[in-house]
Amino acid sequence: MHMHKFEKIWLIFGIGALVVFLSVVGVSAFYLGNKPPSCLTTIDPKKVDTQAPFDKPGLNKVEGKEWDYELVYVASAFFYNPGEVEVPLGAKVKVIATTKDVVHGFQVAGTNINMMLEPGYVNEIVTTFDKEGEYLVVCNEYCGTGHHLMSSKIKVVK
Amino acid sequence: MSSQTTKLKVDPRDGKLAMAHFYVAFIALALGGLMGLLQTLVRSGKFELPWGIDYYQVLTVHGVLMGLVLTTFFIMGFQYAAISRTAGTHSPAARRIGWIGFWVMTIGTIMAATMVLLKEASVLYTFYAPLKAHWIFYLGMTFVVVGSWLDGAAQIMTYARWRKENPGKPSPLLSFMAIINTVMWIVATLGVASTVLFQLLPWSLGLVDTVDVLVSRTLFWYFGHPLVYFWLLPAYMCWYAIIPKIIGGKIFSDSLARLSFILFLLFSIPVGFHHQLTEPGIDPAWKFLQVVLTFMVIIPSLMTAFSLFATFERYGRSKGATGLFGWFKVLPWKDARFTVPFIGMASFIPAGAGGIINASNQMNQVVHNTIWVTGHFHLTAATSVVLTFFGITFWLVPHLTGRKLTKAMNKLAIIQGWVWFIGMAFMSGAMHFQGLLGGPRRSAFSTYGDSAQAAEWIPYQIAQAVGGSILFLGIILMLIIFVNLAFFAPKGEEEFPVGEAENLEEKAPMIFENWKLWLGITALLILFAYTIPFIDIIQNAPPGSPGFKTWGSW
């Protein structure tokens with residue numbers, strides 16, 4: 001099978017770029033710790049309200065961990081609990097969330113906090129709120145008639 | 001048998017079945033397009049749906065009709081005709097199976113559509129559990145898939161007959177490409193068929209109480225990514241093997257075209273996790289592995305881009321064009337059969353770049369489930385693929401109905417292509433920008449309690465409504481052209497263009513037709529990418545989910 005010289009050059013360049021690109025993504029994920037949210041913890045979706053940490057939704061100060069606060073959300077059609085929360089500026093926060101019913105999509109608009117919430121699973125992401133302001137939390141996975149009304153607010157304050 | 005293989009015209013009996021597919025496809029375009037228009041109008045905030053119609057019902061109809069019905073019917077009709085043209089008229093047995101497939105798909109579509117209209121299945125075309133639709137919806141979807149298998153079986157039978165009658169010879173390029181796509185479709189649909197038959201149907205019938213959500217989603221996305229390649233490969237068939245003939249050039253390399261299709265078969269399936277990157281319950285190492293496999297399709301994509309532009313440049317230079325880009329000007333811009341698919345082809349450059357962003361592991365968090373993604377697949381599927389399908393329609397429909405594409409219709413077709421391009425530039429462009437601000441996909445109009453961030457992205461939703469309206473105009477033009485070509489255009493002969501390779505002496509290596517080898521590697525890659533994570537998902541499964549109906553009834 002014959003391959004034109006220009007096509008060889010083109011493919012070598014393309015595949016080379018691909019290798020570099022995938023290496024950058026891989027190093028960022030596994031060496032720098034920027035893995036996509038992939039929490040492996042499971043939970044009985046019928047008993048969410050009685051289990052820690054979901055028995056206390058909201059911002060909770062923690063000690064002796066890599067993060068200062070845990071921000072706990074319980075999602076259900078078509079609400080987030082809590083509906084509004086204040087976070088101190090510069091705080092390192094682990095956002096922990098789960099759903100009691102269908103699949104929801106937890107996204108803080110204007111940030112990289114974006115993770116799927118699926119019944120039976122906990123999902124989490126560690127982040128630092130380093131910009132003051134009010135952030136809108138939306139549901140970005142279709143969950144029913146009120147999907148577009150499902151939201152919450154995070155106020156980052158000094 | 002050479003008389004059969006060099007047959008220039010599709011047998012009218014095969015043409016009838018292909019046309020049956022196209023009627024359904026274009027009805028789906030008309031209804032699905034109207035739903036799309038309504039969605040963009042609702043999202044602009046200036047319009048509300050009358051008579052208690054629900055936004056998400058409209059969204060379900062749009063997704064099912066455009067993503068599943070229009071595409072599957074058009075592709076099966078086109079491939080059935082392309083095989084008849086290049087590998088010979090289908091046998092009566094193959095044709096009968098094709099007709100059964102057509103009717104099974106059509107009945108399935110009607111079943112699913114009825115349930116959606118009755119508000120028993122506002123679950124969108126991805127029907128993620130534990131949203132629970134009426135069992136007839138799931139059964140209808142099963143019929144669509146099974147019908148497409150029968151349609152595919154008819155194509156495989158005719159291909160197998162050609163191989164038997166021409167031992168030691170590589171099959172006609174178009175037939176080979178169609179069979180690759182059919183085989184990929186059959187392997188891919190095993191995933192969605194499994195979740196529907198073994199999980200969702202028994203559950204919606206009340207035979208079991210709960211469903212394993214992550215297993216269902218994983219099976220869905222095992223199917224969901226090759227689904228988009230199933231849409232794309234027929235467009236590639238047109239670009240590789242038909243466009244060169246239309247412009248009067250040659251196929252750059254027959255063998256490389258086949259190799260790229262084989263690479264698409266291998267690397268389209270074991271990659272579904274890149275749609276599940278932000279999901280809990282899946283180990284990030286396995287996600288990354290599938291990301292790497294996903295990016296392997298960049299190789300055949302680069303090969304395709306090279307081949308197409310090489311064909312264009314060589315043709316242009318043979319016409320005396322000079323300079324670095326002189327060849328570009330001499331391309332037949334006044335021929336809709338070329339220009340409209342070319343707009344699609346050019347759109348694939350930003351569309352493909354967007355796809356690379358989406359699949360980039362952690363970078364996916366920036367755009368996942370935002371309306372950026374909707375903007376992305378309206379460039380890939382709804383521009384590159386659909387404009388190429390329209391480009392095929394301009395000659396295939398009159399070829400099958402014994403009519404001619406008139407000069408007036410050719411002109412209208414070119415206008416249609418540009419109208420589509422402009423409409424999509426507004427709509428898809430605005431979707432991309434809004435997505436970067438965090439605007440979610442699949443959502444009705446909402447100010448989110450007068451949130452300042454939402455107020456920032458609402459102007460983009462108005463731009464989408466402008467784009468959506470222009471696109472709907474494009475759909476009306478396309479329907480006029482289709483009806484003209486099917487029923488009213490003057491009688492005559494329209495060519496079914498099939499390109500020839502530049503180097504006819506170079507025979508494609510027979511290893512490309514070794515299905516045991518390619519199916520074997522496909523299976524190995526799938527097992528490699530899925531076995532361990534899938535066992536993990538099942539072994540560590542949480543308690544199952546009961547069903548929910550979180551949408552209103554009539």
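Strand β5 of chain A, residues 92–99, is mostly tucked away: six of its eight residues are buried. Keep in mind that this is a predicted model.

**Around β5(A)**
- On one side, β5(A) pairs with strand β2 of chain A (residues 69–76) in the parallel sense, over seven bridges.
- If you want a spot to look at in that pairing, A:A75 has A:T99 of β5(A) as its bridge partner.
- β5(A) also teams up with strand β8 of chain A (residues 123–128), this time running antiparallel, with six bridges joining the two.
- Over in β8(A), A:N123 is the residue standing opposite A:A97.

**Chain A overall**
- The C-alpha trace of chain A spans about 65 × 35 × 30 Å along its principal axes.
- Some 41% of the 158 residues in chain A count as buried.
- Among chain A contacts with a separation of 6 or more, 62% come from residues 24 or more positions apart.

**Where chain A meets chain B**
- Here 56 residues of chain A are in contact with 61 residues of chain B.
- On the chain B side, the elements giving two or more residues include α7 (213–247), α10 (298–318) and α16 (452–488).

Notes:
Residues are numbered from 1 along each chain as its sequence is written. Chains are lettered from A and ligands numbered from 1 in the order in which they are written. This is a predicted model: local features need pLDDT of at least 70, side-chain atom pairs count only at pLDDT 80 or more; totals for chains, interfaces and linings use all residues. A residue is buried if 20 or more other C-beta atoms lie within 10 Å of its own, exposed if 12 or fewer, and partly exposed in between; C-beta atoms are placed from the backbone. Two residues are in contact if their C-beta atoms, placed from the backbone, lie within 7 Å. Helices (H or I, at least four residues) and strands (E, at least two) are DSSP runs, numbered from the N terminus. Two strands pair if DSSP finds at least two bridges between them.
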